[in-house]
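Here is my note on this model, point by point. Please read it with the structure open.

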Amino acid sequence: MSIAIVGIGFLLMLGLMFLSFPVAVAIIAVGAFGGYLMYGAPLVDMMGGVIWSSVNSPSILAIPLFMLLGELLLRGGIADRMYDAMAVWLARLPGGLLHSNIATCTLFSATSGSSVATAATVGTIALPALQQYKYPMAPALGSLAAGGTLGILIPPSVNLLVYGSLANASVGQLFAGGIVPGILLALSFSLYIAIFHGKAGAQATELIDMPFRQKLALGKYLIPPFIIFGVVMGSIYGGLATPTESAAIGVMLALGFVALNRRLSVDLLINCSIQAAKTSGMVIIVLVCSLLLNVTISMTGAAQAMTQWIAGFELSQLALLFALLVFYVLLGTFMDAMSMLVLTVPIVIPVILAAGIDPIWFGIFIVIMCEIALITPPVGMNLFVVHGVRTDGGSYSDVTRGSWPYVFVMMIFTILLMLFPQVVMWLPDMLAGR
């Protein structure tokens with residue numbers, strides 16, 4: 001297969017998305033129709049078996065479970081109290097509650113797995129306090145949108161689960177690879193806030209001057225998310241449970257904490273389950289269509305054609321990654337994160353493997369690219385979410401202006417990961433005994 005045909009297929013999928021076709025429809029149209037044109041009905045017939053064998057997998061079941069875990073934390077009142085505790089402990093730092101936005105997003109990410117859920121949850125909780133203490137709105141909204149992106153990097157992460165399925169990579173190794181970069185990226189966001197918005201929040205004196213005893217009392221609300229994260233991740237890395245089993249354990253722990261808060265009810269369980277089912281269904285449909293595209297790519301030799309074409313440029317690993325960085329940043333300006341992930345991974349994975357790039361490291365790289373896509377206009381999902389939860393009727397330009405600096409922070413951070421890949425690989429290698 002020629003590289004021209006691969007390019008035409010990719011552009012056709014983008015064209016269908018621009019025409020407002022659902023992402024799944026665009027992918028399946030090119031994948032199934034392209035396979036039919038090349039090999040006829042037998043290739044299309046075998047796709048059913050591929051779908052069944054891929055979706056009938058324990059790792060796929062982890063997606064709705066982690067979605068349900070995030071919903072329980074949100075609707076069970078745990079996230080609200082988490083922010084209150086973070087606010088009183090971090091208000092003294094230069095930038096005040098802007099650090100609380102990042103810290104709460106980081107902690108919520110460690111138990112949720114969804115960036116949109118993280119941004120919506122923390123945004124809803126934080127904005128009243130930010131408005132009360134007269135924080136500048138653009139930096140406040142930007143910190144919420146950027147902090148929310150950590151939901152797909154810090155494990156458990158739905159995007160890492162999807163990447164693992166598409167790239168046939170270990171989910172446990174991917175989760176381990178996301179911990180250190182996720183924490184360092186959150187600290188990078190806070191460093192930016194301290195340098196450029198250090199004077200924000202000067203009026204929040206009641207939080208700064210709160211007695212230590214009261215701060216300690218509020219600190220107990222940070223215990224549930226730490227316990228959930230510790231048990232979920234510890235059970236995976238300790239070899240006691242698979243990612244799916246650990247997700248189920250996390251859900252049971254969340255139910256217990258919600259019950260202790262006296263918020264557990266039949267209505268809450270129904271609402272959480274329905275929302276988790278809706279989000280999971282959307283993700284899994286797109287994943288299935290991408291797996292079908294993967295079949296066509298494998299059978300038609302598209303992956304080999306792409307690999308040979310890129311190899312002809314004789315790029316070094318670093319040059320290839322820089323080219324992919326530019327490609328993904330541009331692609332993310334007009335495509336949502338999950339679509340970008342499932343559309344490109346089947347094509348790019350053979351290329352990076354041929355270049356000798358570790359697929360675990362590349363999983364973290366592409367998820368950071370997805371994070372950038374979440375806050376780059378015009379289709380950055382977190383921008384719409386954060387703007388949607390504000391109640392003062394302000395301009396959408398506030399959230400875009402506030403988010404742009406974080407795009408550059410993430411790009412610089414990614415370049416540092418290219419130069420020092422062991423930042424990602426240290427923990428997975430250590431846990432694997434390498």
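1. Start with the pair arginine 390 and aspartate 392. Their side chains meet in a salt bridge, at 2.8 Å from N to O. Bear in mind that this is a predicted model. Side chains of opposite charge can pair when their charged atoms come close.

2. How accessible are the two partners? Arginine 390 is buried, since its relative accessible area is 8%, under the 20% cut-off. Aspartate 392 is at 41% relative accessibility, so this residue counts as partly exposed.

3. Next, look at helix α21, which spans residues 397-419.

4. Exposed would require over 50%.

5. Helix α4 (residues 58-75) holds another pair, glutamate 71 and arginine 75. They form a salt bridge, with 2.8 Å between the closest N and O atoms. Their spacing is four residues, about one turn of the helix. Glutamate 71 is buried, with a relative accessible area of 10%. Arginine 75 is partly exposed, at 32% relative accessibility. For the whole structure, the search gives four salt bridges.

6. Now turn to helix packing. Two packed helices are described by the angle between their axes and the distance between the axes. Take α17 (residues 317-331) and α19 (residues 359-374): their axes come within 9 Å and cross at roughly 30 degrees. Angles under 35 degrees count as roughly parallel, so α17 and α19 are roughly parallel to each other. The crossing of α17 past α19 is right-handed.

7. Which residues make the contact between α17 and α19? From α17 come Leu321, Leu324, Leu325, Tyr328 and Val329. They meet Trp361, Phe362, Phe365, Ile366, Met369 and Ile372 of α19. By class, this contact has eleven nonpolar residues, with no polar and no charged ones.

8. Two items to keep in view while checking the model.

Terms used: Residues are numbered from 1 along each chain as its sequence is written. This is a predicted model: local features need pLDDT of at least 70, side-chain atom pairs count only at pLDDT 80 or more; totals for chains, interfaces and linings use all residues. Side-chain values use heavy atoms; hydrogens and water are left out. Axes are lines fitted to C-alpha atoms, for helices over the stretch in contact, and angles run from 0 to 180 degrees between N-to-C directions. Helices (H or I, at least four residues) and strands (E, at least two) are DSSP runs, numbered from the N terminus. Angles under 35 degrees count as roughly parallel, over 145 as roughly antiparallel, 65 to 115 as roughly perpendicular and the rest as oblique. A crossing is left-handed if the near helix is turned anticlockwise from the far one by less than a right angle, and right-handed if clockwise. Contact means heavy atoms within 4.5 Å. Ala, Val, Leu, Ile, Met, Phe, Trp, Tyr, Cys and Pro count as nonpolar, Asp, Glu, Lys and Arg as charged, and the others, Gly among them, as polar. Buried means under 20% relative accessible area, exposed over 50%, partly exposed in between (1.4 Å probe, protein chains only).
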